[in-house]
Amino acid sequence: MGIAENVIEIRREMAQTSLRCKRNPEMVTLIGVTKNMTADKASQAVRAGILDLGENRVQELQNKHPLIQGVRWHFIGHLQSNKVKYIIDKVHLIHSLDRWSLALEIDRRAREINRAVPVLIQVNVANEATKFGLEVQETYDFVTEVSGLKGISVQGLMTIAPFVEDPEEVRPVFKQLKDLSGHLKNIPGVQMEQLSMGMTNDYHVAIEEGSTMVRIGTAIFGYRDY
Ligand SMILES: *Cc1c(COP(=O)(O)O)cnc(C)c1O
């Protein structure tokens, strides 16, 4: 199937899953993850109705940004502090705030351009050594500190679940992120409206557990060549 058919099929599945668990399908945003894909493929997805694109490398976002208009760009990968300056004026949402040094740099660069940049806090719910993100237990204090930075607007949480054959296995990971957001929502100055969770392999389960943003690459664009 082509990219356009894939987008239609995923939207249909997202809507079905939402309705099955009595959620409004409009409350879940589909982010097309274009990493390792050409700008041409990304444009095909946009023509098929994708309004949000996600990149996990600064260089790729910088390359595609001028070529594709009218979409919201999401930065979803590990972000080095020295590269914040290249994307600060281009991103709609940074999904991967995971440490204080990065928070300070985002804050500094955002205030330079009079923005409060929307971010999600990345949480390593499953505590995988190979993944970035805060531990669950340190998240409350971290969010409290970040809430004092004028250049940052906390909108919610993000997690990457472990890759497993059967997505049912990671349901508890999504539940835990949702619970955590409930605990954090009373911190003054932060919003906990967004839960960025769910990828090709596990987005149905993530939607059932309250995801508001799914980040999907393979199911739209096919397997990536590295
Ligand atoms: C690559 C990537 C995705 C998309 O993964 P697929 O399994 O191809 O859908 C989602 N989120 C992040 C952070 C990624 O790096």
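How far is an oxygen atom of the ligand from an N or O atom in the side chain of Thr218? The separation is 2.5 Å. Welcome to a short tour of a predicted model, in which local features need pLDDT of at least 70, side-chain atom pairs count only at pLDDT 80 or more, and totals for chains, interfaces and linings use all residues. Residues are numbered from 1 along each chain as its sequence is written, and side-chain values use heavy atoms, with hydrogens and water left out.

**Ligand surroundings**

- Around the ligand sit Val33, Lys35, Asn56, Ile76, Ile160, Met199, Thr200, Arg215, Ile216, Gly217, Thr218 and Arg224, where being near means having a heavy atom within 4 Å.
- Polar contacts here are pairs of N or O atoms within 3.5 Å; within protein, one must be able to donate a hydrogen and the other to accept it, and residues adjacent in sequence count only if both atoms are side-chain atoms.
- Arg215 places a polar side-chain atom 2.9 Å from a nitrogen atom of the ligand.
- For Arg224, a polar side-chain atom is 2.8 Å from an oxygen atom of the ligand.

- Helices (H or I, at least four residues) and strands (E, at least two) are DSSP runs, numbered from the N terminus.
- Four of the five residues of E1 are buried, meaning under 20% relative accessible area, while exposed is over 50% and partly exposed is in between (1.4 Å probe, protein chains only).
- E1 pairs in parallel with E8 over four bridges and is joined in parallel to E2 (residues 52-55) by three bridges; pairing requires that DSSP finds at least two bridges between the strands.
- Gly32 stands opposite Ile216 in E8 and opposite Leu53 in E2.
- E1, H2 and E2 form a right-handed β-α-β unit: with the strands pointing away from the viewer, the path from the first strand over the helix to the second runs clockwise.

- Six of the six residues in E5 (residues 117-122) are buried.
- Val117, Val119 and Ile121 on one side of E5, and Pro118, Leu120 and Gln122 on the other, are all buried.
- E4 (residues 93-97) runs parallel to E5, with two bridges joining them, and Ile94 stands opposite Val119.
- Six bridges pair E5 with E6 (residues 152-158), also in the parallel sense; Gln122 has Met158 as its bridge partner.
- Helix H6 (residues 136-146) carries the chain from E5 to E6 in a right-handed β-α-β crossover.

**Nonpolar cores**

- A nonpolar core is a set of buried Ala, Val, Leu, Ile, Met, Phe, Trp, Tyr and Cys residues joined through side-chain atoms within 4.5 Å.
- The largest core has 63 residues, of which Leu97, Ile106, Ile121, Ile152, Leu157 and Ile220 touch the most other members.
- Helix H7 (residues 171-184) supplies the largest share of this core, five residues.
- Apart from that core lies another of five residues, among them Ile31, Leu93, Met158 and Met213.

**Two buried loop residues**

- Thr34 lies in the loop between E1 (29-33) and H2 (39-47), and counts as buried because its relative accessibility is 0%.
- Leaving aside neighbours within four places in sequence, Thr34 is in contact (heavy atoms within 4.5 Å) with residues including Ala42, Leu53, Trp73 and Phe221.
- Glu209, in the loop between H8 (203-208) and E8 (213-216), counts as buried because its relative accessibility is 13%.
- With neighbours within four places in sequence left aside, Glu209 contacts Arg171, Phe174, Lys175, Lys178 and Met197.
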